Amino acid sequence: MWKLRDLLFRKKTVPAKFEAKTSEAGDDFLSMRSLAKYSYEIMEKLSLCGPRAAGSKESRRAAVMIAGLFEDLGLEASLKEFDLIPSLGRLWPKACAVSIPSSFVLMIAGLPYVALPLVVFSFVFVYFDGVLGRPLVKRLRKKGKGANVEARLEPVGEVRQTVILSAHHDSAPLFTRKKHKADFVLPFVSCIYSMFLSFSLSIAELVGGKLLRFNLPSLFGFLAISIGVVLSLSSLKLWTLYSSEFSPGVGDNLSGEAVLISLAKYFSRKKTASTRLVFASFDAEEIGHQGARDYFSSLDLPYDTYVINIDGLYDKDELCFICLDGNGSIKLSDHLSSELVHLSKSLGYSVKQGKLPFLGGSTDACEAARAGFRATSLTGMHPDAETKAHTKDDTMAAVSADTLEETIQIMVKYLERLDARNSGGTERDGDEKSRLDAPRRYKLSIYDED
């Protein structure tokens, strides 16, 4: 396995976009420009693993390569296996495609009291499987094995705080249609309509003494059900929502992995005084961030701990620290995200603070927040326009070189200031506290997936 990794890492390439620029620090291999160049090379080599479904041999191969890169820098790295459900987040479209039309058929047959629990269960299943990324009936789902990577870098002195820097190495399943978001609208309307109609018909049969007795709906009821049947036909398209193929996943999220390894390179040479750095790479982010959940739920750190997750570094003009995650249901650290935004602005970067709305996606940071850690996520995806994420076009060309450099500089500056502040050094270098822009609503993956 290690021989295979060495073979893959034998080729050294430098992208043209980096060759056209000169380093501000000359030949210093720890300059931000040199580290960005190093990140791009790492990202290119990790992309040789190809599309990486969670728990697959390709994803495991990427994890092994990442662990090897940390070890090459002198860090102790380990692979930590965990149980995962490969189908998590991918069954809810099929459930809707079956249950919604079936509910209206049951109503036509005079069984609205059967249709009602069916469509309610379908709605709950979608919420758990598609929105929360948590299995509703775990024992009945097929299991697989995923692998997280952890590498630790201890400070030169006593540990006073810990910073966990995380990213994910699995890639997302592809959608069969480019404009798949439009496929959700009518099925959602049909589901709500079915619940309302089946409840109304059940009450009507109860009042009329026809409940649990064979009967056909009235003319008005038949017309109302017919409308529902027509609406429910749209849900059949959900059966083929996902393709069997997976995205190359360079921007989402080999870009984050490359930045983590570059930060490890920097701080392995310029060690912190009292800050322990933990580098974590998660599997199964795209299917309910199962790797991060397993990691943070079992993590026991006795010191002050911060978590900064990096996910989707596409465009430097869209860099954003997330303060609301988990499809709008998980609150991250306002203080941490705000501090990072202020720092970024003091460096001259237009970094925003943002929120992930309902059905807007989620990242691995929400699992850290659930476990009680102060966390935020950094992303570089456009809030409204279509991105390369979750598509076949998520290749090397999708990631901006300047975004990598900007991210590395922000993270290095933050970690150095945090270490100085908590080690008796100067807390701030006189950066101005500019007013935060209003949080923007960013969309990542359907969990995403992180």
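Visitor: At what angle do helix H4 and helix H9 pack, and how far apart are their axes?
Guide: H4 (residues 57-72) and H9 (residues 250-269) pack at about 15°, with axes 9 Å apart. Axes are lines fitted to C-alpha atoms, for helices over the stretch in contact, and angles run from 0 to 180 degrees between N-to-C directions. Helices are DSSP runs (H or I, at least four residues) numbered from the N terminus. H4 is therefore roughly parallel to H9, a label for angles under 35 degrees.

Visitor: What kind of model is this?
Guide: This is a predicted model, in which local features need pLDDT of at least 70, side-chain atom pairs count only at pLDDT 80 or more, and totals for chains, interfaces and linings use all residues. Residues are numbered from 1 along each chain as its sequence is written, and side-chain values use heavy atoms, without hydrogens and water.

Visitor: Turning to the core, which residues touch the most other members?
Guide: In the largest nonpolar core, of 59 residues, they are Met 43, Phe 70, Leu 165, Leu 263, Phe 267, Phe 279 and Tyr 414. Such a core is a set of buried Ala, Val, Leu, Ile, Met, Phe, Trp, Tyr and Cys residues joined through side-chain atoms within 4.5 Å; buried means under 20% relative accessible area (1.4 Å probe, protein chains only).

Visitor: Which helix gives the most to this core?
Guide: H9 does, with 10 residues.

Visitor: And what is Leu 263 in contact with, leaving aside neighbours within four places in sequence?
Guide: Leu 263 is in contact (heavy atoms within 4.5 Å) with Leu 165, Phe 279, Ile 408, Met 411 and Val 412.

Technical notes: Helices (H or I, at least four residues) and strands (E, at least two) are DSSP runs, numbered from the N terminus. Angles under 35 degrees count as roughly parallel, over 145 as roughly antiparallel, 65 to 115 as roughly perpendicular and the rest as oblique. Buried means under 20% relative accessible area, exposed over 50%, partly exposed in between (1.4 Å probe, protein chains only).
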